[in-house]
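Please open the model in your viewer and keep the sequence panel beside it.

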Amino acid sequence: MSREPWWQTTVIYQIYPRSFRDTTGNGIGDLPGITEKLEYLTETLGVGAIWISPFYPSPMADFGYDISHYTNVHPMFGTLADFDELLASAHDRKLKVIIDWVPNHSSDQHPWFIESRSSRTNPKRDWYVWHDPKPDGSEPNNWLGSFGGSAWTYDEPTEQYYLHSFLPEQPNLNWRNPEVQEAMFDEVRFWLDRGADGLRVDVAHFVMKDPGFRDNPPVPEDWAEVFKSHGAAYDSQLHIHDKGHADNHLLYRDLRALLDSYSPERYSVGEIHIADWDEWASYYGEELDELHMPYNFMLVHSPWQADEIATRIAALEAAIPPGAWPNYVLGNHDDTRLASRIGRHQARTAAMLLLTLRGTPTIYYGDELAMLEVEIAPEDQLDPWGRNTPGAGRDGCRTPMQWDASANAGFAPAGATPWLPLNEDWRESNVANQLDDPASILNLYRALLAYRKESAPLLLGSYDRLDSPSGSFLYRRSHENATVLVALNFTAEPLTAELPTEGTVVLTTEPGEIAAARPCMVELRPYEGVIIEAT
Ligand code: GLC
């Protein structure tokens, strides 16, 4: 319908490969499992791109975000040939494939790090961030690891500390060394040459740190709310020196030039957790020459209230540079499941919101079923963050996809033991059952995705908020002569929204209902959302 770049008109679906579909019976999902489910993604659901979390060789200290070989596939996930087959089948279906790129750190088992720590004079010593102790033998500064403890680990044999923004098993690469950039860009080329359509850049803002290694200052008292999911110690600092250095922009300009040297167009989205909108938006680049998009997590961390959400959307629209493209995400493998945060009824309103805003949406696997967070006690958590910081565990949002009512919810063959427990509701709540139920949230997602695909106002239109009763959110999307209004009721009470124009309700979140014309005024049932085509 349009000549816009594919990444602006697509919908991305995030796959956590360990939990999508296990074809071998080891209880862990794999690449052939994704290939098997491509028809679900493109035909049944109707998304246009997938982002696959890491599937590379890894000791799995952080479940794949500790990579020991950047250009291969972990045997538990399959082989490079499996990746090629997945990519070819995806492309046959016009599905784009975005892979995860983790530049900030490798695994401590990566041959580069093994060499680097072998002696102070090894040529790879400077590929990681090594620092002498303070005169009293303590850590070089007060930087902390995001998953708890110091960001420095002492290496006895070579009598220096190495830096790790996350686990000690995830040593930071030294991007101030040009050889590192060269080597890491080669790893990117490997995947782009194979045909990968883009990169999701892990903790993109962490890569460059203060070259002077200054201490982080303590956090101002009124700030503590922002990342309260982190452990208390991590929250006690203002993280201005251990990440987010302005030199990140040089790196992303270079990365963009690399991506732009490919045809067809390759894409990048950065995982950027920065609360300041202007700083966040700076990752688009002054000339829109850095990341295609910094991931926008602001709605993940928002109270689920109409005004709060509308305010964040207004802030995003105001912050992004002219010509830059917005994006929205409501769930991922690091946050509590959407349906558990806001409730299953409101998860339907959330689906309509996500798929009707201006910008590229990302759906986290299973959110289209309103999969719930699985309660996993701190002592049973596999996630290292959850083990270090009770309450911060991420296992609960990473449980196996619920496909059907057969053994292991169709995630893994009968007799296998899934690596994480299934939600206890899997026999009732799964893809197969929801497909049969016209009232299901899966069918709502399908209808929204199908509608969006054909709607120029939703794909390309302007966005503006209109007045509506407290607790509701009304916005207009217009493109050329076509206008769509979206009215969402965030309350448990019925509400009446006055529309600026006549229109026809074409989609409602109300379970299993047929749309009916309702001119001028829209009676919204509790938590109901509607799409109205203006006439
Ligand atoms: C990102 C990933 C997260 C991982 C961390 C360290 O935040 O999304 O899962 O633990 O980076 O690589």
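**A helix, its partner and a buried asparagine**

Begin by selecting Gly 195, which comes directly after helix α6 and has a positive phi, near 115 degrees; bear in mind throughout that this is a predicted model.

Now extend the selection back over α6 itself, residues 178-194, whose 17 residues should span 24 Å at 1.5 Å a residue, in agreement with the 25 Å that separates its end C-alpha atoms. At the start of this helix, look for Asn 177, from which a side-chain oxygen comes to within 2.9 Å of the backbone nitrogen of Glu 179.

Next, colour the buried residues of α6, among them Val 180, Met 184, Phe 185, Val 188 and Trp 191, and display the elements against which the buried residues pack, namely α4 (80-92), β3 (96-101), α5 (111-116), β7 (198-201) and α8 (248-260).

Keep α6 and α8 on screen: their axes lie 11 Å apart at an angle of about 30 degrees, and the crossing is right-handed. Here Gln 181, Phe 185, Val 188, Arg 189 and Leu 192 of α6 meet Leu 251, Asp 254, Leu 255, Leu 258 and Leu 259 of α8, a contact made up of seven nonpolar, one polar and two charged residues.

Finally, move to Asn 430, in the loop between α13 (384-388) and α14 (431-436), which is buried because its relative accessible area is 0%, under the 20% cut-off. Its side chain reaches the backbone nitrogen of Ala 432 at 3.2 Å, and a polar atom of that side chain lies 2.7 Å from the backbone nitrogen of Asn 433. Beyond its neighbours within four places in sequence, Asn 430 is in contact with Leu 369, Gln 402, Trp 403, Asp 404 and Ala 405.

Note on methods
Residues are numbered from 1 along each chain as its sequence is written. This is a predicted model: local features need pLDDT of at least 70, side-chain atom pairs count only at pLDDT 80 or more; totals for chains, interfaces and linings use all residues. Side-chain values use heavy atoms; hydrogens and water are left out. Helices (H or I, at least four residues) and strands (E, at least two) are DSSP runs, numbered from the N terminus. The expected span of a helix is 1.5 Å times one less than its number of residues. Buried means under 20% relative accessible area, exposed over 50%, partly exposed in between (1.4 Å probe, protein chains only). Contact means heavy atoms within 4.5 Å. A polar contact is a pair of N or O atoms within 3.5 Å; within protein, one must be able to donate a hydrogen and the other to accept it, and residues adjacent in sequence count only if both atoms are side-chain atoms. Axes are lines fitted to C-alpha atoms, for helices over the stretch in contact, and angles run from 0 to 180 degrees between N-to-C directions. A crossing is left-handed if the near helix is turned anticlockwise from the far one by less than a right angle, and right-handed if clockwise. Ala, Val, Leu, Ile, Met, Phe, Trp, Tyr, Cys and Pro count as nonpolar, Asp, Glu, Lys and Arg as charged, and the others, Gly among them, as polar.
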